[in-house]
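Please keep the sequence and the model at hand while reading.

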Amino acid sequence: MEVPEARLQVETLARNAKTHNIPYLGLQSRSQGIVHVIGPELSFTLPGTTVVCGDSHTSTHGALGCLAFGIGTSEVEHVLATQTITTTKWKNLRIWVEGAFAEGVRSKDLSLYIIGQIGTAAGTGAVIEFAGPVVESMTMEARMSLCNMAIETGARAGIIAPDEVTFKYVKGRPLAPENASWEDAVLYFKSLKTEPGAIFDGDFRIDAKDVSPTVTWGTSPEQITPITGFVPHPEDFSDPSKVESCLQALHYMGLEPGTKMTDIKVDKIFIGSCTNARLSDLRSAASILRGRKISPTLKGAYVVPGSGLVKQQAESEGLDQVFKVAGFEWREAGCSLCVGLNEDQLEAYERSASSSNRNFENRQGTAGRTHLMSPAMAAATAIEGKLSDVRNFLPTEYGLINSLPSHPEYVDIKESEEEDSYEVSQKINTSQTIEDDDITAGPFTSVSSIIAPIHRANVDTDCILPKQFCTTILRRGLGDALSYNLRRHSDGKPEESFILNQAPYNKTRILLCTGSNFGCGSSREHAVWALLDFGIRVVLAPSFADIFFNNSFKNGLLPASVNEKNIAILQKEAEAGRTITVILSSQQILDQNGKEIAMFTVDPRLKRALLEDLDEIGLSLKLNEHISLYEARKMEKWPWLDTCLADGWKR
C-alpha cells in the first residue's frame, strides 16, 4: 500500500538531510531501522550524553547510562536550531530489583509487572533509575527493553548506570571512541553512577521471584495479569477511576470477567517494535518455535527485525528459516504492526499477541485488540492460537540463549550505504503550504466557552488523534480527525452520542477531562494540533502526561490542572451547558455571572511564555555566548565526544 503523505514525509526528510549535510541512513541502507535500535547499535548513543528524539520511547537509550527522552516537533526544531532544550528539574525515582527470575521470565515481563504495580502515571515528572542485582545481571538488550517501557509509567526517561556490561557493548562499534580516546571515555563513563546514600523522591522494591510470564488484558499497559490469571471483574478495583477504566477496557476488548487468559484466542502475532526487535529477542522467540508450527487458526504472524543489521545477523544464524518454517512472515526492518501506519494493521475486532509497547484502543488498527507480552510468549501463543504460557514450550537449551553474542558483527557504514533518492516526486493534494502552516493563536489571555466533558482516565494521544493521521507534514487540517475513533463508527458515520458531535458542544473551546493523566502515550505534537484545529484552546483535567503538557504550551494550548473538588464543580457547569471563563493571568475559572468557581495550577515559566507568546528559540539564541562557552568546556573535558561521532561517519 502506497500512502502519498507518507512518501512526501520520507522524501522531504531525505532532501532536507542532504541539503544541510546531515548523515542520513535512508531506506536503502543496511544500517537503517528503528531509531531506538540503530542508535545503540551504531554507538551514536553513548553514556553521559543527552539524547532527544521526536518519539516517546527515546527512553530506551537510557539503558546505556545517558539521559534520553522524547520531545515534540517544536522541541525538535528548538534542538536543531540551538543544540539546547528548555526544561525544568525532574524528580528522581528508583526501582530496585533483587532476587532471581524464574524460567521463562524476561525483562518485558518485568516491565509489565512494574507498570501493573505502580501504574501509568507514577513516573510523571520524573526520571526512573533501574538498579539492583537483577538489573546489573541483565544484557544490554534486556536493559533497553526495560528502559523502553519506562515511558509507559509516565516517566520522562529511564536510566541504568553504565558498567562493564555497557562498556563491552559499546566498544568497537562504528561511532564509539577508539584507542586512547576510548580509555579516556571509559574513565568518564565509570563516574556515571548514583552515589551511596542518594535520596530519591520515590523508591520502589521489586522481588524478581514475584514476576511471572505476564500479559495485558485491557487497553492500558497497567492492565496486566500473569498468564495463569483471569480477566478481572470491575469490583476487583477500589479506585472508582480504575473501575470505570476496567468497564471501558472489557467492552473494547470484548472480554468477560473471570475468563482464563489461556482461553483467549488470537488472530495475529507480532514480534517486533523498538521494545523487542533486537537479536536476542528474535533468538528467544525462535528457540520456542524451532521444530514447531503455528496454529492454522491464525490469520497472520509477522517477525519484523528492528534494523537491517539485526536482520542480516539473524539470517546468518538461520533464524529467518526457523520463523518461515514455523509459518511466520519474515519482514524488512521497521515499525510495522506496532503503530499500524501502513497495511500492517489489525482488522476491526481482530486480536493480536504483540511484543510491542502499547495496547491502547485502535493502536494496531481501528477496533483492533492488543495483548502485550514478551517475544517468547508471542511465539508460544502462535503455536496454540491462543494466549499461552511460554513455560510449556521452553527448549532444553533455554539457559544457553543469553550466552550467545548479543549483537551483530558490524560492517563499515560506507560499505553498507546505498544512494537514496532525494527528490520529492509527489505532493499532497492540498491548497496549504508550509509557509502558512502556523497554528499558534498568539498570546493567551482568557477564553469563554461552554465546556465539553469527557469521562475517561489515561486519555492517550492515539485516542486524541489516531496515528493514521500523523503522516502529514502540515500542522493544519487535523480538526476533523480529533478523537476520530470515538466520534465515528467503523463505517465513518458520526457517533451521535459522543459529546463533540453534539450541539452546542461541537463548538466548544474548552475540553474537560474528569480522569487523570490526559495526553499519555506518544510524543507526537499532532494531538495538540488537532485540538487547536478543532477550536479547543483549553483542556482542564486533574493531571497531564509530561510530553503532551509541554507540547501544549509550545502551540498556544492551555493544559490547566484542576483538583478533584473543582472538577466536580466544572462537571456540573458542563452538564448544564453554561459558559465559563478561564483567565490565565489570575489562574481563575469564573462562572457565567463572573463569580470564581475554581482555580487551576500552571508552571510560572510556561505561564509567562503563553501570556507573552514568547519565541523560545529566539530566547535561547540570545544565550549564544553561554552556549558557546559550554561547548568549549565540553570539548576540553570530553574531547572524544564530538570527534568520535564526526570521525565515525567518515570511517
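Predicted model: local features only at pLDDT ≥ 70, side-chain atom pairs only at ≥ 80, totals over all residues.

Seven strands form an open sheet, and their order is S17-S16-S15-S14-S18-S19-S20. The pairing within the sheet is mixed. At the edges stand strand S17 (558-561) and strand S20 (596-599); each has a single partner strand, so one side of each is left without a neighbour in the sheet. On average, neighbouring strands of this sheet are turned by 30° against each other, direction ignored.

One pairing can be followed down to single residues. Strand S18 (residues 579-583) and strand S19 (residues 588-590) pair in the antiparallel sense, over three bridges. Thr581 has Leu590 in S19 as its bridge partner.

A UniProt record, an unreviewed entry, lists residues 444-563 as "domain: Aconitase A/isopropylmalate dehydratase small subunit swivel". In the model, the span 444-563 is 22% helix and 18% strand, and its end C-alpha atoms lie 22 Å apart.

The aromatic rings are the next topic. A pair of aromatic rings is described by the distance of the centres and the angle of the planes. Over the whole structure, a search finds 15 aromatic pairs. One of them joins Phe518 and Phe548: the ring centres are 5.3 Å apart and the planes stand at 70°, so the pair is edge-to-face, given that planes over 60 degrees apart count as such. The two residues of this pair are 30 residues apart and link distant parts of the chain. Phe518 sits in the loop between strand S15 (510-513) and helix H17 (526-534), whereas Phe548 belongs to helix H18 (residues 546-555). Are these two residues buried or exposed? Phe518 is buried, and Phe548 is buried as well.

Helix H18 also holds Phe549 and Phe553. Their rings form an edge-to-face pair, with 5.1 Å from centre to centre and 65° between the planes. Because Phe549 and Phe553 are four residues apart in helix H18, about one helical turn separates them. Phe549 is buried, as is Phe553.

Elsewhere, ring pairs link Phe167, Trp182, Tyr188, Phe189, Trp638 and Trp640 into a cluster. A charged side chain also meets a ring: Arg173 lies over the face of Tyr169, at 3.6 Å from the ring centre.

Methods:
Residues numbered from 1 in each chain as written. Heavy atoms only, no water. Phe/Tyr/Trp six-rings, centres within 6.5 Å; stacked < 30°, edge-to-face > 60°. Buried < 20%, exposed > 50% of the residue type's maximum accessible area, 1.4 Å probe, protein only. Lys NZ or Arg CZ within 6 Å of the ring centre and 35° of its normal. Pairing = 2+ DSSP bridges. Axes fitted to C-alpha atoms, helices over the stretch in contact; angles between N-to-C directions. UniProt positions renumbered as here; feature names shortened; annotations may be inferred.
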